[in-house]
Amino acid sequence: MNESLTRRDVLKRTGTAAAAAAGLGLVACGTGNAQSRNGRLAKNLQHFVSRPDLTPPKVTLRHVAPGHELQYLFLGIANSGPGQGGAMIMDTAGNLVWFAPDTGPHQSKMDFQRQIYQGKPVLTWFQGRVVEGGYGEGVAIIADDSYRVTHTIHAHNGLQVDEHEFNIGPQGTALVSAFNKQRYDLSRLGGPKRGWLLSGQAQEIDIETGELLFSWDSLDHVGFDETYLPVQGGHGTRSMPYDYFHINTIEDAGDGDLLIGARNTWCMYKVSRKTGEIIWRLNGKKTDFTMAPGSEFYWQHDTRLHGPGVLTVFDDGYDGVLPKNEKQSRALILAVDYDRMLVTLDKEFIHPGELVLAKAMGNAQMLPGGGMFVGWGTNPYFSEFDADGNLLLDGVLLKGDPSYRSFIGDWQGRPADLPAAAARRKSAGATVYVSWNGATEVASWNVLAGQTKGSLAKVTSAPKKGFETAIPVSSRGPYFAAEPLDAKGRVLSRSLPVRIS
């Protein structure tokens, strides 16, 4: 499709699907005292007999287009309690596939996605603490297809990895963001003389050795005259340092240089890898490009270049405090003409049901064929569109917690952990509950039973149904185990024996 999509076009094209999607309104968490609210929120959690340690939020796919190819959704879920936040994979049939819960208040998992490292698919995420002001202090994690952590990447220069960006570059290096908190005289900006400032730092790190290869700090290259964030509302104190830049995207430009995106300057910068100097600015107060109508963006996240002339952006359009720049957040495909230094709007995608306006976060994942997968930032939604703007998939986290970024793609998981099983008595025997966190190749289950752990024999089999399959058996055990099988009937593993309860 050559012409750009207007908001009216997208709404018109997605209206039928949206109307059929059983109500695309915001899920209300309710009012009242904290106890009753927590009780209502708890109903939006998943529970499993075989894995009582996992209580992820329910995720509902409100619309999936007929014939949609089975794929996997990658969600790094923030948690406001009850239940667990963490890294989640689910399939486009609506089933949970893998969940790794946060292990404490300072171990949040964010920016969870599938990437390629050394030619193989891996899972990556930020793990650490998100401090007041919205930036992270932690590490970057890589895990293989068995979900074992293979690399933990630390920032340099006394800083910690931030949650906004961990991108594996084409050279197999880690591009990570960090926030540099420092004392700073903000009096000329209307802030405190002995104030506190955040600058954004981009670091390129060798994944295997941990060596710092490149470091860039916004304060050395970007002045306060480029920011749109005023020093007001308590900004500039130690507890709320002035975040004039807010780095949130770092990627390889394809020609040896880097692209760095900053929310609070509304700008994407091309930066020389050799000198650190800014080669050009796209959007913002000092843009080197003419921004055609509809191509400008505000408080953006996730600026990505696709080849020399295609740029995708999640345009938040609002910072949550200052006057709104947009009526609705947008996922954009922009055409960049370097000869004319002109940026034009090719397509835009908006949420088909609600007037979604993100206060922060969000992403726009360009798909093969020109479609778009969108995570709607501080809103608990994610959507997939084809290249013509037709809605293919729409989902919501029922508890209302956001996912900083949301992704879709292929995945094949082969867990290193054993399957889990639990057996519960019933009048005619037992019900055996079986699951295998992260496995994507299971088609069916064998159930084994016996009077001792060493005398187990197969008593029945059943097809897999969702994350946890409940299988009735006539045997009373009292010991049971389970074997997952693939589509060809091959046994993949076996759970430990469990005693009926």
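The dialogue below covers pockets and cavities.

Reply: This is a predicted model: local features need pLDDT of at least 70, side-chain atom pairs count only at pLDDT 80 or more, and totals for chains, interfaces and linings use all residues. Residues are numbered from 1 along each chain as its sequence is written, and side-chain values use heavy atoms, without hydrogens and water.

Me: How is empty space found?

Reply: Rolling a probe the size of a water molecule over the atoms shows where empty space is left. On a 1 Å grid over the protein atoms alone, a cavity is a set of points where a 1.4 Å probe fits but cannot get out. A pocket is an open set with protein on both sides within 12 Å along at least five of seven lines. Lining residues have an atom within 4 Å of a point. Points join across faces, edges and corners, and a volume is the space filled by probe spheres set on them.

Me: How much space lies in the largest pocket, and which residues are closest to its centre?

Reply: The largest pocket holds about 940 Å³. It has 39 lining residues, with Q113, H306, Q365, M366 and F407 closest to the centre.

Me: What about the second largest pocket?

Reply: Its space is about 620 Å³. Of its 29 lining residues, G133, G134, H246, R263 and D319 lie nearest the centre.

Me: How many cavities of 30 Å³ or more are there?

Reply: The structure holds 2. The largest cavity has a volume of about 50 Å³. Its lining includes L96, W436 and K464. The second largest cavity has about 30 Å³, and among its lining residues are W376, Y381 and S406.
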